[in-house]
Amino acid sequence: MSWFQMLEYIPLLVRWNWYYRLASSDEITKHIPYAKSGALADLYHHHQADTIVIFLFGGAWSSGDKASYGLLAKELIAHGPEVLVANYSIWPTGDIGCMVRDTVDAVLYSIETLGKQKVCLMGHSSGAHLACLLPLQVQCELQVRAGVLPDQYSRPCLSDLSIHSLERVLGSLKSVVGLAGVYDVHTHYRHEASRGVEHVSKMHRVMKGRSDYVIHSPTLLAKELKQQCSLSYPTPNYYLMHGQLDTVAPARNTVELSEALRGLGVTVTTQYLMEGHSQLIVAMMSKHRHHYQEVHDFV
């Protein structure tokens with residue numbers, strides 16, 4: 001991102017800071033403990049909504065906070081759903097297993113405590129990775145317990161959840177929205193190396209080393225599932241958007257994931273804009289941003 005672009009975002013930064021600080025309890029319920037880990041979320045109210053969007057922020061699996069996304073949530077609820085913006089166990093507090101479990105807990109909280117039967121998982125960047133990974137890992141866990149897949153596909157972070165709870169998670173997930181996501185960890189590590197940031201990035205440590213890259217990559221896991229079995233449980237529709245000018249997580253991430261998911265019979269809708277990495281999520285925060293309506297119509 002150029003210095004000019006960073007300066008351009010300053011007014012928006014001031015706005016979201018003030019909105020989050022001054023919003024009433026009728027608008028937001030803050031700091032809800034939703035997860036086994038103790039992670040907290042903010043609930044943005046739309047009392048007539050039967051659908052909830054769970055938003056997972058980006059930040060290379062190691063930074064970010066729910067307080068930065070008030071304007072995003074405000075614009076989303078104007079289009080109909082309630083919104084749960086979730087902090088999750090970012091590195092070094094947690095690894096990928098902890099993050100997946102927090103995301104599962106957010107879905108269970110939405111359906112068991114909030115009474116929502118329709119859930120949309122939405123994420124940006126590393127948050128998009130988590131959103132797109134979760135349905136596939138839950139699918140794998142259920143197939144392992146049914147004796148269809150070998151134990152190597154089981155996830156320890158899900159081991160204490162009942163089959164009924166896991167089935168409820170998949171049954172309630174109606175859609176997954178991925179914005180500028182990283183979907184193939186192995187390829188992304190090589191991309192990071194080409195930029196000279198592979199040792200600065202926390203991704204390799206978050207994913208617990210190369211031996212687990214496949215099970216933690218939505219694209220690679222979808223390809224593995226196609227070879228191993230058919231999908232026996234409901235799978236949400238995927239909506240994937242990417243900027244063609246994205247140099248942080250190149251658009252091939254969405255191209256390859258969409259192909260892999262379609263190979264499994266999953267319904268996938270894609271859209272590409274002439275934008276970079278952060279512009280897609282920033283566009284959703286203000287009606288005055290370029291592509292605001294286009295991105296909201298898509299999601």
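Select Glu141 first: at 3% relative accessibility, Glu141 counts as buried (under 20% relative accessible area; exposed is over 50%, partly exposed in between; 1.4 Å probe, protein chains only). Helices (H or I, at least four residues) and strands (E, at least two) are DSSP runs, numbered from the N terminus.

This is a predicted model: local features need pLDDT of at least 70, side-chain atom pairs count only at pLDDT 80 or more, and totals for chains, interfaces and linings use all residues. Residues are numbered from 1 along each chain as its sequence is written, and side-chain values use heavy atoms, leaving out hydrogens and water.

Next, select helix H4 (residues 96–112), which holds Arg101 and Asp105. Their side chains meet in a salt bridge at 2.9 Å, N to O. Both residues are buried.

Move to Asp50 and Lys118. Their closest N and O atoms are 3.7 Å apart, in another salt bridge. Asp50 sits in the loop between strands E2 (40–44) and E3 (51–56) and Lys118 in strand E5 (residues 118–124), so the pair ties together parts 68 residues apart in sequence. Asp50 is partly exposed at 47%; Lys118 is too, at 39%.

Finally, show everything. The whole structure has eight salt bridges, and the protein has 12 helices and eight strands.

Key. Salt bridge = Lys/Arg side-chain N within 4 Å of Asp/Glu carboxyl O.
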